[in-house]
Amino acid sequence: MPSLNPTQLEQFHRQGYLVVEGLLDVETVIAPVMREYEGVLDRLAAELHADGTIASTYRDLPFQERLTRVYQESDKVHAQYFDFSLPQGNVQPDTPFWAGPAVFQTLINEALLDAVESIVGPEIYSNPVQHIRLKPPERLTPVNADTGLPQVGITPWHQDNGVVLPEADDGEILTVWFSLTDALAEHGCLQVFPRSHQHGLLHHCRRPIGLSVAEPQLPSQDPVVLPMKAGDVLFLTQLTCHSSLSNVSDTVRCSFDLRYQPTGKPTGRPAFPGFVARSRRQPATELRDPAQWEQMWRDTRDRMAQEEYKAPFNRWSVDDAVCA
Ligand SMILES: O=C(O)CCC(=O)C(=O)O
Ligand SMILES: [Fe+2]
């Protein structure tokens, strides 16, 4: 059942964003996901130890410290190892990803879908533009040798509509962001420009830190910083301009960003597999088998690894004048 009240919906539509506190239960929803990632980190540490990259598996360290240590010592942010999506290029038959059952249960969580239904309607498709973002303390994060920038750090100002293909422009793709850990300002939480969704798609530039709204087009207002606790959920329209701060704390910010849209509309990333998360009209079409979801990503990886022609993932070219 749709769960957002009229005040919440008005905030979302007028301001372009909405935070719902405590929507996801920390004990029953978030804790199992974190336990699943402990297993993923276990395997990564074992692999890196076996090939001599790190001196120990650091199995006695808690997840956050262990992740930071493994990244630091291997001088690499192994983001792809944890992600439930694939890279946008150079996909190999053994490109790692993690599409585990606890992650899948989160994507189809009833409380989450009830809130999504309030905005998207009763036929809900899980759009495959989705990530886990494990953002370690910036001072301990390995840097990119070419750019000198942390391999994962701030997210620059952008609209999510800017990171997909124009086929998605006419639809409504809802961004759902939540942290598995507390994400206060010092952990590098999100910030938004309220009402920035009212002015259409801005020009984005390809920058070393990622696609960024062209500076002359950035709103001149002050952003609103959105500190959130684990279990709070942020909803953004596809045109809301947002970014994230640097993690200046001592802990890893672990967040999910998911997308949902009405079923039957283009996803903006046709190479990746989505699924019916909820259907009031045809409940039998809902995907409920985590193994099937994982297999869809495996099949996608196999196909992409064989493709010679790599289709573009967004519309922006490197030599756009406004980005010079
Ligand atoms: O988590 C972040 O730092 C950025 C997330 C984001 O841009 C999104 O969820 O669309
Ligand atoms: Fe985004």
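This is a predicted model: local features need pLDDT of at least 70, side-chain atom pairs count only at pLDDT 80 or more; totals for chains, interfaces and linings use all residues.
Okay, let me start with a definition: two strands pair if DSSP finds at least two bridges between them. And the strands themselves, like the helices, are DSSP runs numbered from the N terminus, with helices being H or I over at least four residues and strands being E over at least two.

Residues are numbered from 1 along each chain as its sequence is written, and chains are lettered from A and ligands numbered from 1 in the order in which they are written.

First, the overall picture. The chain has 7 helices and 12 strands. Its C-alpha atoms fill a box of roughly 55 × 50 × 45 Å along the principal axes. The radius of gyration, taken over C-alpha atoms, is compared with a globule rule of 2.2 Å times the number of residues to the power 0.38. For 324 residues a compact globule would come out near 20 Å, and the chain has 19 Å, so the two agree.

How much of the chain is buried? I'm calling a residue buried if 20 or more other C-beta atoms lie within 10 Å of its own, exposed if 12 or fewer, and partly exposed in between, with C-beta atoms placed from the backbone. On that count, buried residues make up 41% of the 324. Then contacts: two residues are in contact if their C-beta atoms, placed from the backbone, lie within 7 Å. Of the contacts in the chain with a separation of 6 or more, 80% are between residues 24 or more positions apart.

Let's go to the ligand. Which residues surround ligand 1? Near means that the C-beta atom, placed from the backbone, lies within 6 Å of the molecule. The shell is R133, T155, D160, T175, W177, H242, S244, S255 and D257. Sorted by class, that's 1 nonpolar, 5 polar and 3 charged residues. The classes go like this: Ala, Val, Leu, Ile, Met, Phe, Trp, Tyr, Cys and Pro are nonpolar, Asp, Glu, Lys and Arg are charged, and the others, Gly among them, are polar. Three strands each supply at least two shell residues: β4 (174-179), β10 (242-244) and β11 (253-262).

Stay with β4 for a minute. Is it buried or exposed? Well, 6 of its 6 residues are buried, so β4 is largely enclosed by the rest of the structure. In a regular strand the side chains alternate between the two faces of the sheet. Here both faces are covered, with L174, V176 and F178 buried on one side and T175, W177 and S179 buried on the other.

And who are the neighbours of β4? It runs antiparallel to β11, joined by 6 bridges, and T175 stands opposite R259 there. β4 also pairs in the antiparallel sense with β9 (residues 233-236), over 4 bridges, where W177 has L234 as its bridge partner.

L234 is worth a look, too. Leaving out residues up to four places away in sequence, L234 touches Y17, V19, W177, F178, L190, L226 and M228.

β2 (residues 123-135) is mostly covered, with 11 of its 13 residues buried. β2 and β12 (residues 275-279) pair in the antiparallel sense over 4 bridges, and I124 stands opposite R278.

Last, some loops. Y58 isn't a glycine, yet has a positive phi of about 55°. Y58 is in the loop between α2 and α3 (63-74), and with 18 C-beta neighbours inside 10 Å, it counts as partly exposed. N90, also not a glycine, has a positive phi near 55°, and is in the loop between α4 (79-82) and α5 (101-107). N90 is exposed, with 9 other C-beta atoms within 10 Å. That's the tour, thanks!
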